[in-house]
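Here is a short report on one protein chain. Keep the sequence and the 3D view at hand as you read.

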Amino acid sequence: MPERRTTPRADVALPCVLRRRTGMAIDARTVNLGVGGMCIATSRPLATDEVLDFDLLVSGADHVDGRARVLRQERHDAYALRFEGLLEPARERLRALADAGPMN
């Protein structure tokens with residue numbers, strides 16, 4: 001299958017909280033991430049084209065947050081998300097995380 005991403009991703013496992021407009025927060029964990037998006041694993045189902053707010057706990061009190069759109073379901077518990085409208089500080093932090101490589 002040809003690569004669909006336009007930006008590189010790194011295997012990075014970080015806690016992530018997803019929020020819909022209504023309802024409870026969804027706990028997830030990143031599988032990989034980059035400047036353009038991330039793959040997350042969660043036990044809660046997500047809908048293709050759904051837009052969610054996300055909050056990544058990078059380390060200690062360091063967070064990266066923004067909005068992401070669900071592009072597709074990768075497997076029964078994993079989803080590909082594309083970041084939307086991220087501000088430059090968040091993009092730079094994600095770039096640094098992706099460049100640092102694997103973190104588990």
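The structure holds 0 disulfides; a disulfide is a pair of cysteine sulfur atoms within 2.5 Å. This is a predicted model, in which local features need pLDDT of at least 70 and side-chain atom pairs count only at pLDDT 80 or more, while totals for chains, interfaces and linings use all residues. Residues are numbered from 1 along each chain as its sequence is written, and side-chain values use heavy atoms, with hydrogens and water left out.

**Overall layout**

The protein has 1 helix and 6 strands. Along the sequence, the pattern reads β-β-β-β-β-β-α. Helices (H or I, at least four residues) and strands (E, at least two) are DSSP runs, numbered from the N terminus. Of the 104 residues in the protein, 38% are buried. Buried means under 20% relative accessible area, exposed over 50%, and partly exposed in between (1.4 Å probe, protein chains only). Contact means heavy atoms within 4.5 Å. Among contacts between residues at least 6 apart in sequence, 46% join residues at least 24 apart.

**Accessibility of selected residues**

| Residue | Relative accessibility | Class |
|---|---|---|
| Cys-16 | 2% | buried |
| Thr-30 | 3% | buried |
| Gly-34 | 0% | buried |
| Cys-39 | 6% | buried |
| Asp-49 | 48% | partly exposed |

**The helix**

Helix α1 covers residues 88-100, 13 residues in total. From its first C-alpha to its last it reaches 18 Å, close to the 18 Å expected at 1.5 Å a residue. The expected span is 1.5 Å times one less than the number of residues.

Which residues of α1 are buried? They are Ala-90, Leu-94, Leu-97 and Ala-98. Seen down the axis of α1, these buried residues fall within an arc of 95 degrees, so they line one face of the helix. The arc is that of the directions from the helix axis to the C-beta atoms. An α-helix has 3.6 residues a turn, so residues three or four places apart point the same way. The buried residues of α1 pack against β2 (26-33), β4 (51-59), β5 (62-75) and β6 (78-84). The face turned away from the buried side carries the exposed residues Pro-89, Asp-99 and Ala-100.

**The core**

The largest nonpolar core has 26 residues. Such a core is a set of buried Ala, Val, Leu, Ile, Met, Phe, Trp, Tyr and Cys residues joined through side-chain atoms within 4.5 Å. Leu-18, Met-38, Phe-54 and Leu-81 have the most contacts inside this core. β1 (15-19), β2, β3 (37-41), β4, β5, β6 and α1 each supply at least two of its residues. Leaving aside neighbours within four places in sequence, Leu-18 is in contact with residues including Ile-26, Ile-40, Phe-54 and Leu-81.

**A buried threonine**

Thr-30 lies in strand β2. Its side chain reaches the backbone oxygen of Val-12 at 2.4 Å. A polar atom of the Thr-30 side chain also lies 2.8 Å from the backbone nitrogen of Leu-14. Not counting residues up to four places away in sequence, Thr-30 touches several residues, among them Cys-16, Met-38 and Cys-39.

**Two loop residues**

Gly-34 lies in the loop between β2 and β3. The C-alpha atoms of Gly-34 and Ala-96 are 62 residues apart along the chain, yet separated by 8.9 Å.

Asp-49 is in the loop between β3 and β4. Asp-49 has a positive phi of about 80 degrees although it is not a glycine. Most residues other than glycine have a negative phi.

Note on methods: Polar contact = N/O pair within 3.5 Å; in protein donor to acceptor, adjacent residues only side chain to side chain.
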